[in-house]
Amino acid sequence: MSVQAVLAELPAIDWITDPALVRQRSRDFFWYSPVLKRQLNGVTAEAVACPRDEAEVIAIMAACVKHQVPLTPRGAGTGNYGQAMPLKGGIVLDLMGLNRVIWTKPGVVRAQAGIKLIELDAITRREVRGELRFHPSTKRTASLGGFIAGGSSGIGSCTYGKLREPGNILGLRVVTMEAQPRVLELRGAEIDKANHAYGTNGVITELEMPLAPAWDWIDVLSEFPDTISAARFSEALVASDGIVKKMAGVVAPGVAQRYFKPFLGMLVPGTATSLAMVAEPFLELLPPLLARFGGRQVHAAPTEAAETPLYEFTWNHTTLQALKVDRSLTYLQSLFPAPHHFDLIAKMDALFGDEVMQHLEFVRLGGVVSCFGLQLVRFTTEERLAEIIRIHEEAGVPVFNPHAFTLEEGGMKRIDSEQLDFKRIADPNGLLNPGKMIAWDDPDWTPERKRGFYLYGQADAPAVEEVLE
Ligand code: FAD
């Protein structure tokens, strides 16, 4: 492999080679996890390529194949499992320069992958009175391509579900990592070949996304006597199909009071908090719904006018707000399956007390109202974290491990043979974001099989140097 040979071959590309800047662009929010922090802290590329258009992307990819240089795509670098970190060095492909909207029409937008979600939103609102059906809580910083390649759901998933639900992405334009890269348009069921694949099997240059009607959203913060009452309210809100809403989250007593700085002093100590976004015309329907579950509205204000929108206290932002106050915290990502979700939440509360603080997000999965847990965890040791995950899973609460950097150990929990087959065609040399798809190295992997650095949370987990081998 010779990064220098790629640089020499493409002098017209905008390169970053200053080691400090390259290291900065080789990192994401992996440090959310104490496990990933230990494993990945030393990871860095040798150079960062900043293409301005698809032709430059193709030229960089062809040169990397010629010189057998690993290439790791990157959007804004807000992924929180080290997805965008170049485990085998090589070159980081920064796609933020591909930031144009190609076209809009009522209900649909086509845009380049590097556009920031906040900028996309402003354009679709202005041109067609539409907005993305849902967005991550990193809307103000993340890119569209990074959300599709590395994210899954977020603000609006209470109505539209996850990115994996058919219809939530309409088209992906993908460049293959071959000696002569091809440009493929994936549509319909084919989209899942590259959707949430961490950029391991193609570089997305354009996306076609469905839009929802754009509303004036209102942030609503309410308090409840306990977590379960707040959760029952949020579930009822999501199930109320007539009320247009975009968010229904809950945090346990003490969480907002300790960690949500702008709201300190606003909430009665010992109460649980619900965080919701509803469309302005429907705000008047909330007080009776709140009263049914013993809740009380304490704050309502337009999302647009807020210095920090309420969605930046939900999803993975809850953890960020908490980390700003207490660096010893970390988190889980889990599902409390219906119909026993409330019993399971109460059971986990009884088992862990203040060590695992509930943070719930209500969404629709396959049309069914479902309860995700993004619990805050008081971290002590990696062994205890692994034990907390094991106890949840044994109780029937699956954990989508946010302390692992591979596709399979995180959200997927299995090998995605469709994505593996596509990688065999689109990246036959295994140069794209190497190390993130276990199946590429071990097609027979199962979660039960323990091997090498893919193991999560083992006392003998290797040091960073070994990960980089
Ligand atoms: P990056 O982090 O740069 O990249 C993400 C992955 O996509 C990497 O594997 C990268 O290699 C790959 N990639 C990037 N661009 C391309 C491309 N054009 N082609 C192919 N591969 C590409 N996620 C959610 O789903 N919902 C949330 O609500 C949410 N909230 C978050 C809150 C915080 C505070 C943080 C730190 C993270 C959160 N995330 C959430 C995770 C992350 O912010 C989102 O998934 C985000 O959309 C990633 O976009 P990005 O541009 O930063 O991508």
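Where does Asn-168 lie, and between which helix and strand?

## Asn-168 in its loop

Asn-168 sits in the loop that links helix 7 (157-160) and strand 8 (171-175). This is a predicted model. Asn-168 has a relative accessibility of 3%, so it counts as buried. The cut-off for buried is under 20%.

A polar atom of the Asn-168 side chain lies 2.9 Å from the backbone oxygen of Tyr-160. Residues up to four places away in sequence aside, Asn-168 touches Arg-133, Phe-134, Tyr-160, Gly-161, Lys-162, Leu-163, Met-209 and Pro-210.

## Two domains

The chain is divided into domain 1 (3-94) and domain 2 (217-394). Their centres, taken over C-alpha atoms, are 35 Å apart. Nine residues from domain 1 and 12 residues from domain 2 take part in the contact.

## The nonpolar cores

In soluble globular proteins, nonpolar side chains tend to be buried together. Here the largest nonpolar core has 88 residues. Leu-237, Phe-260 and Phe-362 have the most contacts inside it. Helix 8 (residues 227-239) gives the most to this core, with seven residues. Domain 1 (3-94) and domain 2 (217-394) both contribute residues, so the core lies between them.

What does Leu-237 contact, leaving aside its neighbours within four places in sequence? The partners are Ile-243, Lys-245, Met-247, Ala-248, Ala-276, Val-278, Leu-286 and Leu-289. There is also a second, separate core of 28 residues. Val-109, Leu-172, Ile-204 and Leu-207 are included in this second core.

## Around the ligand

A polar backbone atom of Ala-76 is 2.8 Å from an oxygen atom of the ligand. For Gly-79, a polar backbone atom is also 2.8 Å from a ligand oxygen atom. At Ser-153, a polar backbone atom is 2.5 Å from a nitrogen atom of the ligand. How much of the ligand does the protein bury? Taken alone, the ligand exposes 980 Å², and the protein buries 98% of that.

## Ile-13 and Ala-49

Ile-13 lies in the loop between helix 1 (3-9) and strand 1 (14-16). Its relative accessibility is 9%, so Ile-13 counts as buried. Beyond its neighbours within four places in sequence, Ile-13 is in contact with Ala-49, Cys-50, Arg-52, Glu-56 and Ile-60. Val-57 is 44 residues from Ile-13 along the chain, and their C-alpha atoms are separated by 9.5 Å.

Ala-49, one of those contacts of Ile-13, is found in strand 2 (residues 47-50). Is Ala-49 buried or exposed? At 0% relative accessibility, Ala-49 counts as buried. Its contacts, neighbours within four places in sequence aside, are Ile-13, Asp-14, Trp-15, Ile-60, Ile-91, Val-92, Leu-93 and Asp-94. Gly-145 is 96 residues from Ala-49 along the chain, with 17 Å between the C-alpha atoms.

## Backbone exceptions

Most residues other than glycine have a negative phi, and most peptide bonds are trans. Which residue has a phi near 50°? Arg-129 does, a positive value in a residue other than glycine. Arg-129 is placed in the loop between helix 5 (117-128) and strand 7 (130-132). With 48% relative accessibility, Arg-129 counts as partly exposed.

His-196 is not a glycine, but its phi is positive, at about 55°. His-196 is found in the loop between strand 9 (183-187) and strand 10. A relative accessible area of 15% makes His-196 buried. One peptide bond also stands out: from Ala-338 to Pro-339 the bond is cis, with omega near 5°. Pro-339 belongs to the loop between strand 16 (334-336) and helix 12 (341-352).

Technical notes
Residues numbered from 1 in each chain as written. Predicted model: local features only at pLDDT ≥ 70, side-chain atom pairs only at ≥ 80, totals over all residues. Heavy atoms only, no water. Core = buried A, V, L, I, M, F, W, Y, C linked by side-chain atoms within 4.5 Å. Buried < 20%, exposed > 50% of the residue type's maximum accessible area, 1.4 Å probe, protein only. Helix = DSSP H or I, 4+ residues; strand = E, 2+ residues; numbered from the N terminus. Domains from an automatic or database assignment. Contact = heavy atoms within 4.5 Å. Polar contact = N/O pair within 3.5 Å; in protein donor to acceptor, adjacent residues only side chain to side chain. Areas by Shrake-Rupley, 256 points an atom, 1.4 Å probe, with all protein chains shown as cover.
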